[in-house]
Each structure stands twice: as C-alpha cells, then as structure tokens.
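Colleague: Could you take a close look at one part of this model with me? I'd like to go through the charged side chains.

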Amino acid sequence: MASPSQNSPMGVASTTNATSTQSTTAKGSSSTDNATGQILTKPRLQELVREIDPTEQLDEEVEELLLQIADDFVENTVTAACLLAKHRKVSKVEVKDVQLHLERNWNMWIPGFGTDELRPYKRATVTEAHKQRLALIKKAIKKY
C-alpha cells in the first residue's frame with residue numbers, strides 16, 4: 001500500500017479519505033455518505049447533538065455547515081501533518097506530526113498519544129480590569 005503518491009501531502013490526504021470511506025463502508029453506513037467521503041455523517045452529528053442536549057434540533061443549513069467545517073478541519077490537519085512529515089524527510093505521518101500541528105495552530109493537546117511527559121498546566125493571568133470587575137460583582141452581591 002506504499003505508493004509514490006503517499007510522499008506528497010495530497011496523496012496521503014486522499015489515501016486517508018479513502019481509508020475512512022472504507023471503514024465507514026465496513027460499519028454499514030449509507031452509500032451517500034461514502035460517495036462524499038465525509039468524516040462526520042449527518043446521523044453521527046445528530047447523535048452528538050443529542051448527547052449534549054436531547055431537545056436540540058439543528059437546521060439543515062447548520063448541519064451542512066458543521067459537516068463542512070469538520071471535513072475542512074480534518075483535511076487541513078492531515079495536509080499539515082503530511083508537510084511536517086515531509087519536512088522530517090520521512091514517508092509516513094506519525095502521531096507527533098499531527099500533535100505538533102494541533103498544538104501549534106489550535107492549542108489542542110490530545111492526551112494519551114505520543115510522549116508520556118506530563119504537561120504543565122498554565123494558569124491564565126488575571127488582569128487588573130478583571131480583578132476590578134470581580135470586586136464590583138462581589139460588592140453588588142453583598143448589597144442584596
């Protein structure tokens with residue numbers, strides 16, 4: 001399965017999409033989802049929304065937009081990870097390539113993958129304006 005196209009960023013991305021399409025076929029999803037090559041399907045999106053709020057219903061346009069955002073996110077992440085792997089002069093994308101892109105561009109860290117190092121927790125700095133707002137809120141609460 002190691003083809004020459006895997007060395008280019010687009011070759012790996014298309015291979016990844018084909019692999020995800022094959023895995024959704026194996027799970028028994030509809031053929032329309034497989035034809036578009038979507039990572040996240042409408043039924044799965046609706047299921048995720050129901051997990052958050054069982055009464056919430058998304059409009060058709062909102063569903064389409066969220067599906068497009070998810071597909072774009074995955075495509076951009078895979079492309080960036082491929083470029084990082086190419087920069088390292090290797091032919092395979094590794095977890096550290098994806099992690100580096102997510103951490104640098106999205107400030108995301110996926111625990112449980114890659115290194116076992118403990119990540120220090122950065123406490124957000126509290127600005128003087130924020131302290132003043134908190135003081136006003138506490139003062140207003142004491143009045144009641």
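Colleague: Let's start with Glu94: is Glu94 buried, partly exposed or exposed?

Modeller: Glu94 is partly exposed, at a relative accessible area of 35%; buried means under 20%, exposed over 50% and partly exposed in between, using a 1.4 Å probe and protein chains only. Before going on, a word on the source: this is a predicted model, where local features need pLDDT of at least 70 and side-chain atom pairs count only at pLDDT 80 or more, while totals for chains, interfaces and linings use all residues. Residues are numbered from 1 along each chain as its sequence is written, and side-chain values use heavy atoms, with hydrogens and water left out.

Back to Glu94, then. Its partner in a salt bridge is Arg88, with the closest N and O atoms 3.9 Å apart; the term means a side-chain nitrogen of Lys or Arg within 4 Å of a carboxyl oxygen of Asp or Glu. Arg88 is partly exposed too, at 29% relative accessibility. As a general point, side chains of opposite charge can pair when their charged atoms come close.

Across the whole structure, the search finds seven salt bridges. Among them is Glu64 with Lys42, whose closest N and O atoms are 2.7 Å apart.
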